[in-house]
Amino acid sequence: MKTYIENFKKYRFLLVELVKKGIKLKYRRSYLGILWTLLEPLLTMIVLTIVFGSMFGNPDPTFPVYILTGRLLYSFFSSATSGAMKSIRGNAGMIKKVYVPKYIYPLSSVLFNYIIFLLSLIVLVAVAVVLKVYPTIFLAQAVVPLILILVTAFGVGMILSTMAVFFRDLEYLWSVALMLIMYASAIFYPAERLLNKPGIYPFVLKCNPLYLLIHNFRQAVYGRPMNMHFLLASTVFAVLTVIIGLYFFYKKQDEFILHI
């Protein structure tokens, strides 16, 4: 473990540079630049509120906050895992030329998306203030799901980045999986509608780790205590994915050079 820590310290400068590079490339040739980080979730929230709020008759005046909390977390998870999945093949030229710990690439992809995600939370704060969803002591709990979603995205990203080297069609399969995850995360519909139904629907929601994180984040934003069962399940999932991802990546990384 000491060797790994020393190795990480040795290459931390490269990690920082890769994170900076990721942020710059994301907004290259964009007139709005980093401002789009704030506008995109706001515009998406407006559209979803009109469609699923006004047209479907949702009377909750704070429904835009409900949508935005789910949308922001899902967008980060989607971008971070998709970016990490492509990171090894995307940096094939550098990997072939110089030695760098290969986990740096998926890690940098997750981190730069996380920084963009944290910036986008400014929109949530503004919308919450406008709609009078004021902070309470429970807002401090929001730190927990925010950390857990970072850990989860990294763990899933490590698994995907390893698999994508050997199975390139994984990109297309993961895009379909992300769509299923989105619909099973109660982003733009009240989760109670499914949780109170008999059958498989409550089971699907409760087995979706992203929904568990979104639920507890919403609880914190709305000034309510977190669901401890959801917290435990999402924590276990986050830790397991990181352990499996690192182990799987470590076992296969020496073969990457033969397939990229």
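Visitor: What separates Phe63 and Tyr66 in helix 4?

Guide: Phe63 and Tyr66 are three residues apart in helix 4, so about one helical turn lies between them. Helices are DSSP runs of H or I with at least four residues (strands: E, at least two), numbered from the N terminus. This is a predicted model, in which local features need pLDDT of at least 70 and side-chain atom pairs count only at pLDDT 80 or more, while totals for chains, interfaces and linings use all residues. Residues are numbered from 1 along each chain as its sequence is written, and side-chain values use heavy atoms, with hydrogens and water left out.

Visitor: Why is Phe63 called buried?

Guide: Buried means under 20% relative accessible area, exposed over 50%, and partly exposed in between (1.4 Å probe, protein chains only). Phe63 has 3%, so it is buried. Tyr66, at 13%, is buried too.

Visitor: What makes the pair of Phe166 and Phe256 tilted?

Guide: Their ring centres are 6.1 Å apart and their planes stand at 55°. Rings of Phe, Tyr and Trp (its six-membered ring) pair if their centres lie within 6.5 Å; planes under 30 degrees apart are stacked, over 60 edge-to-face, and the rest tilted. The pair meets the distance limit and its angle falls in the remaining range, so it is tilted. Phe166 lies in helix 7 and Phe256 in the segment after helix 12 (228-252), so the pair ties together parts 90 residues apart in sequence.

Visitor: What makes Phe63 and Tyr66 a stacked pair?

Guide: The structure holds 10 aromatic pairs. In the pair of Phe63 and Tyr66, the centres are 5.8 Å apart and the planes 15°.

Visitor: Why are the buried residues of helix 8 placed on one side?

Guide: The buried residues of helix 8 are Leu170, Trp174, Leu178, Ile181 and Met182. They cover an arc of only 115° around the axis, taken from the directions from the helix axis to the C-beta atoms, so they share the same side of helix 8. Tyr172 and Leu180, on the other side, are exposed.
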